[in-house]
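Hi everyone, thanks for coming. Please bring up the sequence and the structure on your screens, and I'll walk you through a few places that I'd like us to look at together.

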Amino acid sequence: MASRSISRLAQWCSRIFMVEINQKTEPIYFALSSKPSALSPELDALFGSGKLFSVCAQCDGRVQSARSHAHLKRALAEKLPPGCDLLDAAFFLPDVKNSFVRGLFVRDNSALYSAERVVNQLRQNGSVASVLAYTRGNSGDCACSIVSDEPAERKRRYYVTPVPVPLRHPATLNIINSDVFYRLEDACKVLQECNDVIPESKAVLELVEEQKLESVSNHAKRFPVIVIEGLDATGKTTLTCSLQKALGAVLLKSPPQCLGDFRQRFDAEPPLIRRAFYALGNYITAAQIARESAHAPVITDRYWHSTAAYAIATAVSGREENLPAVGSEIYEWPSDLLRPSLVLLLSVNPEERQRRLANRGLDKTEEESQLEINHLFRCKVEEAYKRIQNPACIIVDASPSPDHVLQEVLCLIKNKCNL
Ligand SMILES: Nc1ncnc2c1ncn2[C@@H]1O[C@H](COP(=O)(O)OP(=O)(O)OP(=O)(O)O)[C@@H](O)[C@H]1O
Ligand SMILES: Nc1ccn([C@@H]2O[C@H](COP(=O)(O)O)[C@@H](O)[C@H]2O)c(=O)n1
């Protein structure tokens, strides 16, 4: 046990740490080294007063790790006393794919400094795999040691040292196959790995299987397939219903209706599982598109653009500049997913969107609420939509009246799809 923890700490020391004070500010980066060093002003503020711990729930298997992290975050949020802050943290190797591991920082300014007791309880019951404790030195440095029952482990000292901001935002290192999926089998694998812990996974995989997914190449020379995309309340439902009538088209959605009963269940899961579920929804919708477009034009309310744009914008914290660069492989359409003939992105200004949301007065999903309060997140979703390639989306100003938007879209469809 002792040597396992020491080797883990040694592994961590070769990693860069990233701490997010909150989603709106830029992350702070630092590493652990064997020599003391002076702290930068941001680190000084972070380690300033009180006690600080970093915790990580990583265990064997990505599904278990993702669920354990979510469980740990919930448990800490519930059990920590007033005066404690819970900050998102991550450990990664700069520019090394799949090296990003999620963790948390606990900053304890509580009256009785009782966070340590809470963290230790969670360590004893196995909810935390690793805990590091940070202590300020007399010469302005900050030392770090592993929290362990083994005296030999506790003795080892490392020091917090500031490092430059890496070229790529660390969350982008793990997006492929953790947040966005590019092959049906990769998304299926995640749900297969969930079989034991989420019984509904089996039913979802059976639905995917039942659809007898048709090959992408079968889709040539059929009626046009038009996808309508956009943030919540931009008018997708209104427009897709009007288009259905105007074009005598079949209206489909992603996620498809057959996944309706499972959606809430998977929405409550960590991103790895939730995004794999939506990815599978697109493949089921693709099978429906392939069947229906043999007889009539197809209009689809949301498809892969939505799945990828929301996933990328959620994974990448902070500002729009942190998104993967234009042209990144992350924005490439999955090679085995049926490509639509045309993708239209409805865009309305934030004030008009707010007005529509308020008028509608429906329950908001957590993500919808986040859209309202988090301007940065909304900008990132829209920007990610625009960066997706092959097919890229055409932006439609959806602020005018419903009929005006319909006429403009009909015109676009006529020009681009000969309908
Ligand atoms: N062009 C428009 N001008 C004014 N109001 C509109 C327009 N289009 C839709 N609305 C209204 O805005 C609200 C949201 O529209 P709608 O439900 O079509 O959006 P949506 O993109 O499908 O939303 P969600 O993705 O959240 O389901 C509704 O109350 C609708 O009547
Ligand atoms: N193809 C899709 C469709 C939706 N999502 C996720 O669902 C949320 C929006 O759905 P609405 O029913 O509110 O329009 C959004 O948060 C996406 O995360 C998706 O991933 N893929």
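Let me begin with one term: a residue is called buried when its relative accessible area is under 20%, exposed when it is over 50%, and partly exposed in between. Please also keep in mind that this is a predicted model.

With that in hand, let's turn to the aromatic residues. Both Tyr-29 and Phe-92 are buried. What kind of pair do the rings of Tyr-29 and Phe-92 make? Their centres are 6.1 Å apart and their planes stand at 80 degrees, so this is an edge-to-face pair. In total the structure holds twelve aromatic pairs. There is also an aromatic cluster, made up of Phe-30, Phe-47, Phe-105 and Tyr-134.

Now for the charged side chains. How many salt bridges does the structure hold? The count is 21. I've picked out three of them, plus a network.

Let's take Arg-136 and Asp-44. Their side chains meet in a salt bridge with an N to O distance of 2.8 Å. This pair links distant parts of the chain: Arg-136 belongs to strand β6, residues 130–136, while Asp-44 belongs to helix α2, residues 41–47, and the two are 92 residues apart.

Next, please find Lys-51 and Glu-116. They form a salt bridge in which the closest N and O atoms are 3.5 Å apart. Lys-51 lies in strand β3, residues 51–56, and Glu-116 in helix α4, residues 115–124, so this bridge ties together parts that are 65 residues apart in sequence. Lys-51 is partly exposed, with a relative accessible area of 33%, and Glu-116 is partly exposed at 32%.

Another one to look at is Asp-88 with Lys-73, where the closest N and O atoms are 2.9 Å apart. Here strand β4, residues 84–92, provides Asp-88, and helix α3, residues 62–79, provides Lys-73, so the pair ties together parts that are 15 residues apart in sequence. Asp-88 has 23% relative accessibility and counts as partly exposed, and Lys-73 counts as partly exposed at 33%.

And the network: Arg-67, Glu-200, Arg-265 and Glu-269 are linked to one another by salt bridges.

Let's move over to the ligand. Which residues come nearest to ligand 1? Of the 17 residues around it, the nearest are Ala-233, Lys-236, Thr-237, Thr-238 and Pro-400. By class, this shell has seven charged, five polar and five nonpolar residues. Two helices, α8 (236–247) and α12 (350–360), each supply at least two residues of the shell.

If you zoom in, there are some polar atoms to point at. A nitrogen atom of ligand 1 lies 2.9 Å from a backbone N or O atom of Pro-400. A nitrogen atom of the ligand is also 3.2 Å from an N or O atom in the side chain of Arg-356. On the oxygen side, an oxygen atom of ligand 1 is 3.2 Å from a polar backbone atom of Thr-234. Taken alone, ligand 1 exposes 630 Å², and the protein buries 75% of that.

Ala-233 lies in the loop between β9 (225–230) and α8, and at 12% relative accessibility it counts as buried. Arg-302 also has a positive phi, near 65 degrees. You'll find Arg-302 in the loop between β11 (298–301) and α11 (304–315), and it is buried, with a relative accessible area of 16%.

Last stop, the cis peptide bonds. One joins Ser-254 and Pro-255, with omega about 0 degrees, and Pro-255 is in the loop between β10 (250–253) and α9 (260–267). A cis peptide bond also joins Asn-390 and Pro-391, with omega about 5 degrees. Pro-391 is found in the loop between α14 (375–387) and β13 (394–397).

That's my tour, and I'm happy to go back to any of these places with you.

Note on methods: Residues numbered from 1 in each chain as written. Chains lettered and ligands numbered in written order. Predicted model: local features only at pLDDT ≥ 70, side-chain atom pairs only at ≥ 80, totals over all residues. Heavy atoms only, no water. Salt bridge = Lys/Arg side-chain N within 4 Å of Asp/Glu carboxyl O. Helix = DSSP H or I, 4+ residues; strand = E, 2+ residues; numbered from the N terminus. Buried < 20%, exposed > 50% of the residue type's maximum accessible area, 1.4 Å probe, protein only. Near = heavy atom within 4 Å. Polar contact = N/O pair within 3.5 Å; in protein donor to acceptor, adjacent residues only side chain to side chain. Areas by Shrake-Rupley, 256 points an atom, 1.4 Å probe, with all protein chains shown as cover. Nonpolar A, V, L, I, M, F, W, Y, C, P; charged D, E, K, R; others polar. Phe/Tyr/Trp six-rings, centres within 6.5 Å; stacked < 30°, edge-to-face > 60°.
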